[in-house]
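Dear colleague,

I am handing over the structure below and would be grateful if you could look through it alongside these notes on its aromatic rings.

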Amino acid sequence: MNPYNAPLAEMRFLLEKVFDAPQTWSEMPAMAESVDMDTAAAILDEADKISRELIHPINRSGDEQGVRHEADKVITPDGYKAVYDQYAEGGWVGLCGDPEFGGMGMPKMLGVLVDEMAYSACNAFTLYGSLTAGAALAIHAHGSDEIKEQYLPMMYSGQWAGAMDMTEPQAGSDLRNIRTKAVPNEDGSYKISGSKIFITGGDHDLTENVIHLVLAKLPNTSGISLFLVPKIKVNPDNSLGETNGVTVGSIEHKMGLKGSATCVMNFDDAEGYLIGKPNRGLVCMFTMMNYERLAIGIQGLGTSQAAYQMAADYAKERVQGVAAGGSPTGASSDPILVHGDVRRMLLTIRSLTEAGRALSVYTGQQLDLAKYSQDAELKAKASRYMGLLTPVSKAFLSDRGLDAAIMAQQVFGGHGYIRETGIEQLVRDTRIAQIYEGTNGIQAIDFLGRKVTGDNLAALSEFVAEQVANINSYSHVSEADKARVLGLLEQLLVVAKQINDNKLTQPALINACAVDYLDAFGYSLYGCFWLAMCDAAHDHEDDNFKQQKAHLSRFYFDKLIAKADYHLSQVSKGDGCIMQMDASLF
């Protein structure tokens, strides 16, 4: 298996040249004194080293060994505990956490790049820290001061882990049907009873405690509330007390992510503490869910990068056949990189991955602005953009991540189907990214139904207008490419208006067309980012870097952006051919 090397030059280029991170940070007092490009570069260098030297070496072995459930313990693969201890000691779990509670306070537009490296190195291992960071975010946003002071420092330090407990056997995407109960105690705590399934990181041996955020119902109410439930009770001095009625029923035996413990969790009169207001649990949990949705999109992005590196290296080394028109070196066989179809696949993966990285950094920038900006108008706009971009980041990045893994596997040919090369593990590990944290179909329905048409296109129109202004300001890109993207942005608004005008008379319209609309938006947005990257690269000091950007951009506009036209044409066909066939005919 090839070693992983982070695309550090690409990452720095996006931060400094495309999205002007130093300027963004300088205008936010919370960031101005803690981070600049030198600091960011040092963090990226160290994250690259850790991902390459610590995390990536346990990827294959962790997949082969998997997790084990023995008696009342869940045991992670060999090496996970030692690597996690070093990872936590370096402060990586709390990288973007609040410094008041022991976090490093770094901006999210830097954090997404660190997350990408870790996911590229090992999907399964990275999930443990990601769930902890997401749980800490929800506690920080909605927990009482007492709870924050008691739990956040231990979570940011990595001594305690976090988990999100939502799904039940009879309640997957429709959480109204959950049966887990919360009964008030006289001391203000609650007794939590019920079972949850598919709980990532529900239990493991990496930390001394696991802090569960559990959705449950209070007596005599249909509303859903959120509760913090530690695996082991915590004493006032933060020492650990007795066990808390939180046990593992079993672990799931999965297609991939075998080093990640996915558990059935049982709560038997476990002591829990209310987070946020009663019957407002989903509002609180969505703080964590939106964080995790971006993280899972980045899981797809990390897979794309890892897949590209593996496939490109293999294509340069694997000798098979002769180049069309004859070998350029006169050899009897050439590396498969000379073949057009192999190049098509590699260029597809790379052009989508580099635009996807731009999407992740831009989304991280909006998160930072929404959280830290002192400009009320800018802060509100960033929040609106986050509403638009969260489902797109999750769905489009993870869909393209699986596409990339499968294309990379195809580059390997028959060797891609056997375990030794490692590429088949990427296919298995990333498949779940389209399913968990809300399936990508649900993300698309949220995007089109709530974020695009929910406000009668207000946020979308504002976002498109800003992209149009950006494109018109570029002076170092093709006018034809600019016109191509501007036309797509206009068409996105036209088609969205058609959906909006007919959504009440055609109630299935949004559900039937949402995936195509999200994909059309994604391919169009990638066109925006390719224009931005090419414009910013025109004076880059590295000629090879400029040439790479020019070639990849040309490939994207010649070969891939037409997918946006296709998906828009599908939306324009409406829902008739989808909904008219009687259920008995399926």
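Rings of Phe, Tyr and Trp (its six-membered ring) are taken as a pair if their centres lie within 6.5 Å, and a pair counts as stacked with planes under 30 degrees apart, as edge-to-face over 60 and as tilted for the rest. By this rule there are 19 aromatic pairs. Please bear in mind that this is a predicted model, in which local features need pLDDT of at least 70 and side-chain atom pairs count only at pLDDT 80 or more, while totals for chains, interfaces and linings use all residues. Residues are numbered from 1 along each chain as its sequence is written, and side-chain values use heavy atoms, with hydrogens and water left out.

Phe19 and Phe529 form an edge-to-face pair, with 6.0 Å centre to centre and 80° between the planes. Because Phe19 lies in the loop between helix H1 (8-18) and helix H2 (21-26), and Phe529 in helix H17 (residues 509-537), this pair ties together parts that are 510 residues apart in sequence; helices here are DSSP runs (H or I, at least four residues), numbered from the N terminus. Phe19 is buried at a relative accessible area of 10%, and Phe529 is buried at 4%, where buried means under 20% (1.4 Å probe, protein chains only).

Tyr314 and Phe412 form a stacked pair, 4.2 Å centre to centre with 20° between the planes. Tyr314 belongs to helix H10 (residues 281-317) and Phe412 to helix H12 (residues 376-412), 98 residues apart, and both Tyr314 and Phe412 are buried.

Finally, one aromatic cluster is formed by Phe19, Tyr362, Tyr385, Phe447, Phe463, Tyr517, Phe521 and Phe529.

Technical notes: Helix = DSSP H or I, 4+ residues; strand = E, 2+ residues; numbered from the N terminus. Buried < 20%, exposed > 50% of the residue type's maximum accessible area, 1.4 Å probe, protein only.
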